[in-house]
Amino acid sequence: MVHSTEEEHEIKERDVRSLSSFHHSQNGPYMHKVGVPPKQNLFKEFSHTVKETFFADDPLRPFKDQPRSKKFILGIQAVFPILEWGRSYNLTKFRGDLIAGLTIASLCIPQDIGYAKLANLDPQYGLYSSFVPPLIYACMGSSRDIAIGPVAVVSLLLGTLLQDEIDPLKNAAEYRRLAFTATFFAGITEVTLGFLRLGFLIDFLSHAAIVGFMGGAAITIALQQLKGFLGIKKFTKKSDIVSVMRSVFDSAHHGWNWQTIVIGASFLAFLLLAKYIGKKNRKFFWVPAIAPLISVILSTFFVFITRADKQGVQIVKHIEKGINPSSVNKIYWSGPYLGKGFKIGVVAGMIGLTEAMAIGRTFASMKDYQVDGNKEMVALGTMNVIGSLTSCYVSTGSFSRSAVNYMAGCHTAVSNIVMSVVVLLTLEFITPLFKYTPNAILASIIISAVISLIDYEAVVLIWKIDKFDFIACMGAFFGVVFVSVEIGLLIAVSISFAKILLQVTRPRTAILGKLPRTNVYRNTQQYPEATKVPGVLIVRVDSAIYFSNSNYIKERILRWLVDEEEKGVASHQPRIQFLIVEMSPVTDIDTSGIHAFEELYKSLQKRDVQLILANPGPIVINKLHASNFADLVGEDRIFLTVADAVASCSPKLVEDV
């Protein structure tokens, strides 16, 4: 008995599908109806969803049909890409990488010293962070162009968040421990995201929010440099523009040093001129790259021979010599600072990832190769974990250095190795020479570097394209500038999520009309010449229908109906008898969505209006049949196209349109 019931059910399903394939109209040609695909196995459907979410790039494809030994080699190469591209490495590539590595090293050394001060750390920690992490990344990273090291935004973020917990002047040792702890957890965060293939999470921070955040951070960083640029000794720890400017003007009468200002202004003009020359002619890319190092050498020599430090010009003083000491025993593995280090590390790791991924994808598209986002995250995370154990703070991809690396003609990540070797030699032999380097020159280098983070063209483009994106951009910008870096970041994330929620909960709907001399139906706002069919209202829903928007969609369709009925009465048009819902853009529908359509159907019945559906997709039509809503509406009221639906319900009127 059970067996016969199952057979009857299968026969019924086949009948439904055959009925859905075509439909004969007595007064017209065959009309193709919406096909109902075979039901998917629940496990297969779930596994397909998981695969598309976490394994969309099909990472195991190279392993298919390979012997075990080959799979082992491919697995090792997947973790260490250097073993793959290293086999074809040659002298020609090394020549390009050597030039690029030396060029970015000349840029990174003065920047690292300045960025370390931005993070409230001693100068050598910036150099440490450009020695170990680039070596790890060169072995594990998939980008050929990213130059690794400390960056301005992450340095400022760390410095701001860490000093809220520990005073870097009174408790320098504890401050460093918290910095290493945060770096460790930044690395763990990045590795975890990559290993679990959760890289899509960083895409939730919109481009507009990133542009605003970076621009605000650039202004904040530049303002922070006024301390060194003007020679101010007592300076606010706050980063907002009001506090900084108050601190600057309060010290104007007795705190500024004119010799410092002359040095800073002169070399800032030189750096900006060098940057202008590099932009004007790409052949001179090396000019802005070596300008910071030249500035450091000249200013250091000038201070040394004039002993300007005796006149109040603040200098770097001592930079500890030697390579990275171990910091394994300095990380907080327990206690109250463990949780604080974790929170700061997660934020710094996410920002570092966002910046590195944006840089990697940008240069990869220029050279037409692919960057594996999840491998990148594992590589970046691993280098920060190891870096935290070797006295480094958070490192990531630097845009300015990566741009120089690209223009210098790098071929592979060997340029990072060359840069790392130069930093090693600097740590071993050259750091004593930086003793008389004025803080003003470091401030000038950082100001000239962060100016490029303010992307005016992107802001103008955002304004032209999407006003809500512009609000997100400006919200992040003003949050950073007028409050703090963390508040600006919070605003950026909040507005990005607000936009997603707004789009999900309030999807667009449109009324469609028929384009003259065609059977095509389009949005009447986009195509004013499209004419509405008398007695028929055609509404398109431009979104999946879920619990979050189903009630809104139902109410919006009913409002369209009321509006059109009122217009019809005013213009003496026929009463609306049919409501056609165009469902081509509806990619999915859930239980709440179907329930909302059932309520819509009942509301329309009370108004004596017939509900008709046009072109629901495979997932949607399956769910409509599974819920018996297709039977409620009627199989003969579900059509493949809007034209078929209109022709079926109002053939004479259509011919007249």
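1. The chain exposes about 32200 Å², and carbon and sulfur atoms supply 62% of this area. Accessible areas come from the Shrake-Rupley method with a 1.4 Å probe, and for residues only the protein chains shown count as cover. Along its principal axes, the C-alpha trace spans about 100 × 65 × 55 Å.

2. This is a predicted model, in which local features need pLDDT of at least 70, side-chain atom pairs count only at pLDDT 80 or more, and totals for chains, interfaces and linings use all residues. Residues are numbered from 1 along each chain as its sequence is written, and side-chain values use heavy atoms, with hydrogens and water left out.

3. The average pLDDT (the predictor's confidence in each residue, from 0 to 100) is 88 for the chain, and 91% of the residues score at least 70. Where pLDDT is low, the predicted coordinates should not be read in detail.

4. The chain contains 28 helices and 10 strands. These are DSSP runs numbered from the N terminus: helices are H or I with at least four residues, and strands are E with at least two. Of the contacts between residues at least 6 apart in sequence, 79% join residues at least 24 apart. Buried residues make up 49% of the 657 residues in the chain; buried means under 20% relative accessible area, exposed over 50%, and partly exposed in between (1.4 Å probe, protein chains only).

5. How many disulfides does the structure hold? There are zero disulfides, a disulfide being a pair of cysteine sulfur atoms within 2.5 Å. The sulfur of Cys 108 is too far from the closest cysteine sulfur for a bond, because that sulfur, in Cys 392, is 13 Å away. Cys 410 is likewise in no disulfide, and its nearest cysteine sulfur, that of Cys 108, is 15 Å away. Cys 108 is buried at 0% relative accessibility, and Cys 410 is buried at 2%.

6. The whole structure has 15 aromatic pairs. Rings of Phe, Tyr and Trp (its six-membered ring) pair if their centres lie within 6.5 Å; planes under 30 degrees apart count as stacked, over 60 as edge-to-face and the rest as tilted. Phe 184 and Trp 333 form an edge-to-face pair, 5.1 Å centre to centre with 80° between the planes. This pair links distant parts of the chain, 149 residues apart: Phe 184 is in helix H9 (residues 172-195), while Trp 333 is in the loop between helix H14 (286-306) and helix H15 (336-367). Phe 184 is buried at 13% relative accessibility, whereas Trp 333 is partly exposed at 46%.

7. Phe 597 and Phe 629 form another edge-to-face pair, 6.2 Å centre to centre with 80° between the planes. Phe 597 lies in helix H24 (residues 591-606) and Phe 629 in helix H26 (residues 629-633), so the pair ties together parts 32 residues apart in sequence. Phe 597 is buried at 3% relative accessible area, and Phe 629 is buried at 0%.

8. Gln 225 is placed in the loop between helix H10 (207-224) and helix H11 (226-230). Gln 225 is buried at 10% relative accessibility. Leaving aside neighbours within four places in sequence, Gln 225 is in contact with Leu 118, Ala 443, Ile 446 and Ile 447.

Terms used: Contact means heavy atoms within 4.5 Å.
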